[in-house]
Every structure is written in C-alpha cells, then in structure tokens.
Amino acid sequence: MQSSVGNTDAGKRGMNLTLRIWRQKDPSVKGKMVSYKVTDISPDMSFLEMLDVLNEQLIMQGDDPVAFDHDCREGICGMCGVMINGEAHGPQQTTTCQLHMRSFKDGDKIDIEPWRASPFPVIKDLAVDRRAFDRIIQAGGYISVPTGTAPEAHATPVPKKDSDAAFDAATCIGCGACVAACPNASSMLFTAAKVTHLGLLPQGQPERDDRVVNMVAQQDREGFGGCTNIGECSHACPKGISMETISRLNHDLLGALRAGARPKS
Amino acid sequence: MHVVTVTHTGRGTPKVAKTNSVVKKVVMAVSGIVMLLYLVAHVVGNLKVFAGRDSFNSYSEWIRTVGEPAVPHQTVLTIVRIVLVVAVVAHFWAAVSLWRQAKKARPQAYVTKKSVAQSYASRTMRWGGVIVLLFIIWHILDLTVGAVNPDGTDSTPYDRLVASFQNPFITAFYVVALILLGMHLRHGIWSVTQTLGQSNRRRERTVNAFALVFSTLLIGGFLLVPFSVLFGLVD
C-alpha cells in the first residue's frame, strides 16, 4: 500500500522521504508497515514535526492520522519515542522530539516502529502502553517522608560525589528506549536508574533494601527480559544513563537478599 | 507516613530463585567462575605435553592417584567432576530460563533493528554456548573416554591426543570451538563483574581489557597443543 502526500511544489528545497510506518488500528488487530511519501521536509524540522506534516496531509485526504505519543517536545518528559530505522529515538542520542531532520538526507527511506516488548502493548500505531514502568515505580521507586514544611537543607549533608551520581541517574525520563533497544526487552537500565538515584541519597536509605527487591520482582512480573550486559540500553538512552547503575542494582539486590529482604507478593 | 513491610521468609527460599531474573544471573555468574577456574587448571595441564609423552601420561595418572593412600583412587578427580557437572547444569538452566524469558518479552520482532553497542561476543553467547556444550561432550568422548578417538579407548592419553590432532578436520573443529569459547569468556568475564555488582564506570574499561587479554591468552594456550601436533612439533 502506498499513498503519496506532501506539498504541491514538491522537492524545491526540502527533502523528499519515503516513510514506512507501523499501522495498527487497535491492540486486537494485526498491524503492518505502510509506505508514505513526504516531500519538502525542512532539515530544521524535528522528527515529530515531520510526522505532523504527514498527519496534516493524511487528515486532508480523509485518512486516519498516525498515532504517536508526545508531550513537552523539549526532551524532558519522556513521552515520545519510536524506533527509527531500527534505533530507539533514531540515529542521535536524544529523544525523538529533539531529533532533527538534518540527521537525514534527501531520498532516505525511514522505517518507523513502536517500542516492541510484551509489557509495552501497542495501543495504536506507534503509541504503546508504558504503565508497566509506573507499576515498577509503585513497587518501590519512592521515599516515604512526612509532609509539611520542607526540611532545613543543611540538616542532611550529601557528599558531592554521591549527589552527582544520584543526579545523573535521576535524569532518567522513563521513555522506555532502554527496553526498546535491548535484545532481551529488559527494563534493567530503567529500574537501575531509579534504584541508583534513590539509593545514593540519605533520604533513600530506610527503604533501600525493600526498594530493590520489590522493583526487581515487579519488573519480572511485568514480563520484561533479563539483562545480559550488552549495553544497547545505555547507548540508546537519551540521557546517557550508564551501565554502572545496573551493577549497582545487582550489588544492592544481593546485599538486600542476604539481609533477608524478600519481595512482597 | 507509609511504612513498607519487609517480609523475612528465612534463608535460601527457593521462591526467589524461581522468580528473580537477577538471581538466575548470579547462578550463571558463579557457575561460570567455577568453570573458568577449571579451564585455567586445564590449560596448565595441557602444556605438559611439551615435556614429552611420559611427563604427560604420568600427570594424567597423578590426577587419578593424588591423595592416595589417605583417600581412595580418583577421589579428587571425582570431586572435581561432580563440581563441574553441577556448574554446567546450573549454567545451562539459568541460560535457558533467561533465554525463554527474553523470547517471551519480545514476541513481535522489529522489522528493522540495528545493533549499535553489542559485540560479536555478546551476540553469540547463547548459540555459542550451545555449540561449546556439544563440543565439550565430544571432547570428553574423544580424549577422556576415547570412544570417538582414532586410537580408541585402549590407549594412553598422550596417544589419543596425538591421534586426534593429526587429523586436520578434528583440529579444525577444536579451533572453531575454542575461538567460540574465547568469545564466550570475553563477554562472560565482563558480565560476571556486572552481575555480581562489582563494576563501575571507572573499572569498565579495565574489566573489558582484562577480559579480552585473559580470554586470548587462555585460548592461545589451548590452541598451542593441537597446532603443535598438526605441524609435527609434537608426535
């Protein structure tokens, strides 16, 4: 199936591209790749703006626009994310919204697919249900503190090294690129980032053991794969979360199990 | 204030091992270390072939008689064999279990998938591991038992070794399997440090460099013997 859309003065300055996009009406039906042509795409457009152009054309033709997730379009919310030519968020280490069309050349063929993992079922086209991540967070990705006035900042000193490493891990936006890129569809980098972020700070200590055993148990329950330390996740992560977090998670988990912590059933 | 309850269900509950993917990884790592240590001892023994037929055969005899008369014949060897079988079974169980989990986690494959970070070694862990396992079975039948050896079961270890490696096809099979094993170890050593929580950003490079050098030296040591026989340095 091929339909041609685009500006009428095609190809004067912008790029002409062939897109192959995963189209799936709803979770119950089988999807397939469908080809579209877009013309006169400016290299200054973001990838999502390019999809907006396609969708405007599809709407004008009376076709169903391509569904994809997006929100802030500033690279900080973690809502957007698709596989672009087999790479999570495409050829640059950034979010799909911050990927620009200058990363492509005129005449390129671009394959666009949703994240593939059984815990991330397709809702429609390129949009997947990532609530599995929310449930991993609910299993332990928090700290319990009394509400009220913010505490005196100097009351709890944090070593600079720890706060830096915790902040690096806290930059995780939960987009799911790690799962999408992983050959095992493992969520280890995501869970490890949360365990590292909270586990390095004094506020995270009281629940540290329970956190790691419960979050790992939850990611297993969700049906994510296991980590084989290949490193695709870290490479795909728009925030560059390091594999070191996974080692820290493993270290924490072994310590917690030795100390007798067991996951809640 | 929300308080999380910790459930203490005693030590060593099998429930955890069944459900926890990270625990499976630990089983994989520890059994891998056991087999790796055995390989180091194995390569040291192999090099005795260069000291001549008698030295090699008497070393083989020593393995069976060590500890006598305090302990019965072959006690040490039997213990080593039991430990190795347990390690192989545990390693295989963890691998199959995680392999199935990964398959279930991505039932629908990508139409286009690019691999940007994975090494050839990490990509061949699973099928490479299966091939290495088949190789080990054949290797035992060839050189330990002698059942598939050109010289048969009624021969000395040295004769079996020379008879096998004088056949270029058998040598080629050993070379392929050993190179696969080397790649398996190269990714395995790095993976062990991650799984046991001993890696960090600073150590990553060192661990990977060590894994590469160690695997190369070990496999180089193993390859020395078949090539020496093939080229007539040992006969």
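Student: What makes 73% the figure for contacts between residues 24 or more positions apart in chain A?

Tutor: Two residues are in contact if their C-beta atoms, placed from the backbone, lie within 7 Å. Take the contacts in chain A with a separation of 6 or more, and residues 24 or more positions apart account for 73% of them. Bear in mind that this is a predicted model, where local features need pLDDT of at least 70, side-chain atom pairs count only at pLDDT 80 or more, and totals for chains, interfaces and linings use all residues. Residues are numbered from 1 along each chain as its sequence is written, while chains are lettered from A and ligands numbered from 1 in the order in which they are written.

Student: How many residues of chain A are in contact with chain B?

Tutor: By that contact rule, 47 residues of chain A pair up with 46 of chain B. The largest share of chain A's side, nine residues, comes from H8(A).

Student: What makes 2-124 domain 1 of chain A?

Tutor: Domain bounds come from an automatic or database domain assignment, and here that gives domain 1 (2-124) and domain 2 (130-143 + 158-258). Across the boundary, 18 residues of domain 1 of chain A are in contact with 17 of domain 2 of chain A.

Technical notes. Helix = DSSP H or I, 4+ residues; strand = E, 2+ residues; numbered from the N terminus.
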